[in-house]
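The entries follow in the order in which I made them.

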Protein chains: 2
Amino acid sequence: MSATPAPAAGGEPRVLIVGAGFAGLAAAKAMRRSPVQVTLVDQHNHHVFTPFLYQVATALLEPSEVAQPVRSLIRRSGNVAFCLGTVTDVDLLAKRVQTDHGPICYDYLVLAAGSVSNYFHNTDIATRSLGLKDLAEALQLRNQILSCFEQASWATDPAERAQLLSFAVVGGGPTGVEFAAALAVLVAGMVKRDFPALERDEVKIVLVEGADAPLGSFAESLRASATRALRAKGVEVRSGATVTDVDDSGLTLDGGERIDAATVVWVAGVTAAPLAKTVGVTLASHGRVPVDRTLRLVDHPEVFVVGDLAEIPGGKDPLPMLAQVAIQSGSHAARSITAHISDGRQTGPFHYRNLGTMASVGRNDAVAEIGPFRLSGFAGWLAWLLVHIMRTVGLQARASVVISWISGYLFADRPVRLITGPRESGRDERRRSMSPTNEED
Amino acid sequence: MSATPAPAAGGEPRVLIVGAGFAGLAAAKAMRRSPVQVTLVDQHNHHVFTPFLYQVATALLEPSEVAQPVRSLIRRSGNVAFCLGTVTDVDLLAKRVQTDHGPICYDYLVLAAGSVSNYFHNTDIATRSLGLKDLAEALQLRNQILSCFEQASWATDPAERAQLLSFAVVGGGPTGVEFAAALAVLVAGMVKRDFPALERDEVKIVLVEGADAPLGSFAESLRASATRALRAKGVEVRSGATVTDVDDSGLTLDGGERIDAATVVWVAGVTAAPLAKTVGVTLASHGRVPVDRTLRLVDHPEVFVVGDLAEIPGGKDPLPMLAQVAIQSGSHAARSITAHISDGRQTGPFHYRNLGTMASVGRNDAVAEIGPFRLSGFAGWLAWLLVHIMRTVGLQARASVVISWISGYLFADRPVRLITGPRESGRDERRRSMSPTNEED
């Protein structure tokens, strides 16, 4: 099988975009009026608004509220075709990538394969912790949280019960902070209304952070504000602590101290997607592919690398791995390709505009740093709300998210408290459970 | 571990309800003001509105729109406790059931464990077809349908492509008819907007029915109307055909004829849940537990069996396995228990009120039989709409369903076209894919 588009001879140039995350999707959208034939490849059939994944994991939003089918998003772009597949190799000389369904050739390549969780070479951590990097992980985490509460309600051994009700979140970046705060809100509601036999203080939520306070990229005052907000919600903030190991009953800190927890959530950083290793260049920090200021590979001006996969030169340090960098670099690559095709112009350098960073710490509370402005508490929360409503992709999803939020806000309820998922191995399971006497004509 | 409630001595009688489907939930709700201590056990943490499962499978509704956490539904019933667990055995003499978490004792038992798909002792069918009996199966089917379209768009071999785009639905009851019609609507929309390279007539949807027309329980005129509606949507209706085998490339009919299809959906009937076999009585039709007219086991007046699990005497034949029978029998059992506790009254016989049956056959079209009234086309659809909006459990779910329907109706769109699910074996997968060079500090 092969989805190789027709060769360029006589036709429009073929642009291949690998990845339909923030960077790849921005690139595809920016080329929708360009005289090119775009192929967008992703291993999932949907684009995920990753800043909301923690709300899926804490049972506030459904998958369709944070993810849209890629085919819906490119509907109005007649020159963009989507292929569901995993790119396994990049051959720069042949101008061709290999996928699990066959090869795809290109004239221009935009690599936007994103990042994966960074486990720092520790297999125990990778296999025993839960992540929050894609929809599958968010749903797995939701099922795990709810299952722990159900199991705890059966447990008669106090130690077992305590362990089931302990949740450790490793990593005090925006994802860890937002998830820990949302988990505290979920827990407060569930204990009060769903599990009358449980007490709130039986549930332990610990946020482990290596630095002296969470949210290292924020201003000092906002970091203090966020820490206070977390503690007010009953989240234990363990700063200056490094996790050395994760096992089936919890984790170990570098001083040897144990934190027993049935659930360990690992959000301690990301590293470029493994595809970077197939590009054939020496990788830079966080396993990223180094590019010049025009986002291209030095020896291959037809290859752009954008988003989390790229180490993009910034002022002093390389640019951080953030959604905003991904969106802006993806668009820039697309504009560069369009300009090059239209009039052979050399592409200009990429300039990142920092639009600000923010993190929600529960109902009515968020910290936000937008240019010279530093907001916290209710003002920060309003800013967070406004920006995130505007950024949600798709009109219907936006309406649905707003309704879920209003309902969640008014009733403090979490409608998606479902332990569920497709029966992955359904047929096998059925095969095992079937006996000749199991059925009736 | 054990969740055995305190013994009855001195306290309120303990009522154990096994199953939180239509029957079990109706029983629990009917006892919320009774002087009893109710324990409700189910293997899922949610109650499913099964008539909408086909809408999850066809990407119109999300799980939270057809399923509600059981704990939410019993919140206002202070005397009902929920336990997530699987009941594996019933010990009538000891008045105790065994679960995967330990035993639960009872004074009154309401068995409402429901039904499972009937594969007629055929392991090939059980293992190679997809079901539509619970949320996990509906999500698996949704993923399968969408994946077939994605794979077909890569396929260069015409035979492979045709097979991927062929869907066989076995069973012409309301579930099969509603699913086939909804699939045809989904396909029409996807082909038009998401897969410009595919043609509608490349996609084959076959509904296989053993009788001379689908919807055997409906009046002749309505059956003809439904068949016409299905055919108008491009569904091939194969009546009078019996499936003898299902394999990886399709199915075989009793005349030896083959239908090649990558997806075979098995909705050809149900049989009582395997728990029936542990009750220790001779089972009746469809593997059901026979009860008397008061819904009790003959030798155990403290044990009620209701819903699909019970063979309940009707006028001439036993009552059918329908949601309405389940709801009414569940409530009756609860009222009987309450009456018996309050004043020792003997319970009266159960009388089933047939409120009518209906099946939707796509946008603007349904057949409905309500008492002497037979509706089809738009009138039938309005009746279907009204009844199903009223029956959806929970205010928020109802609002959400209505919004999804309006949006789906206006834009003919299916927002939940996501191939996704929790990473069941995520940790193992990660372990396999991890190599020492896979990560970056």
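**Entry 1: salt bridges.** I began with the term: a salt bridge is a side-chain nitrogen of Lys or Arg within 4 Å of a carboxyl oxygen of Asp or Glu. I then looked up one pair, B:Glu150 and A:Arg71, whose closest N and O atoms are 2.8 Å apart, and which forms a salt bridge. I counted 4 salt bridges between chain B and chain A. Over all chains the count by this rule is 24 salt bridges. The pair I had picked crosses between chains, running from B:Glu150 in helix α6 of chain B to A:Arg71 in helix α4 (residues 70-73) of chain A. Helices (H or I, at least four residues) and strands (E, at least two) are DSSP runs, numbered from the N terminus.

**Entry 2: what I am looking at.** I noted that this is a predicted model, in which local features need pLDDT of at least 70 and side-chain atom pairs count only at pLDDT 80 or more, while totals for chains, interfaces and linings use all residues. Residues are numbered from 1 along each chain as its sequence is written, chains are lettered from A and ligands numbered from 1 in the order in which they are written, and side-chain values use heavy atoms, with hydrogens and water left out.

**Entry 3: the interface.** How many residues of chain B are in contact with chain A? I found 84 residues of chain B in contact with 85 residues of chain A, where contact means heavy atoms within 4.5 Å. The two chains bury about 7,700 Å² between them, and 50% of that is on carbon and sulfur atoms. Buried area is the accessible area (1.4 Å probe) that two parts lose on being put together, summed over both.

I also looked for polar contacts (a pair of N or O atoms within 3.5 Å; within protein, one must be able to donate a hydrogen and the other to accept it, and residues adjacent in sequence count only if both atoms are side-chain atoms). Across the interface of chain B and chain A the rule finds 16 residue pairs in polar contact, both residues at pLDDT 80 or more. Several elements of chain B each supply at least two residues to the side that touches chain A, among them β5 (80-84), α6 (135-154) and α12 (395-411). The most comes from α6(B), with 12 residues. By class, I recorded 30 nonpolar, 33 polar and 21 charged residues on that side of chain B. Here Ala, Val, Leu, Ile, Met, Phe, Trp, Tyr, Cys and Pro count as nonpolar, Asp, Glu, Lys and Arg as charged, and the others, Gly among them, as polar.

**Entry 4: symmetry.** I superposed the copies by least squares on the C-alpha atoms of residues with pLDDT of at least 70 in both. A rotation of 180° with 0.0 Å of shift along its axis puts chain B on chain A, with RMSD 0.0 Å. That is the relation of a two-fold axis. The residue of chain B closest to the rotation axis is B:Gly421, at 2.6 Å (C-alpha). The same surface serves both copies, as 100% of the contact residues of chain B recur in chain A.

**Entry 5: a sheet in chain A.** Two strands pair if DSSP finds at least two bridges between them. I traced an open sheet of 6 strands in chain A, in the order β5-β2-β1-β9-β21-β20, with mixed pairing. Its edge strands are β5 (80-84) and β20 (296-297), each of which pairs on one side only. Strand β2 (residues 37-42) runs parallel to β5(A), joined by 5 bridges. In this pairing A:Thr39 stands opposite A:Ala81.

**Entry 6: a hairpin.** In chain A, 4 bridges join β23 (residues 357-360) to β24 (residues 366-370), and the strands run antiparallel. The hairpin has 5 residues between its strands, and A:Gly362 in the turn has a positive phi of about 110°.
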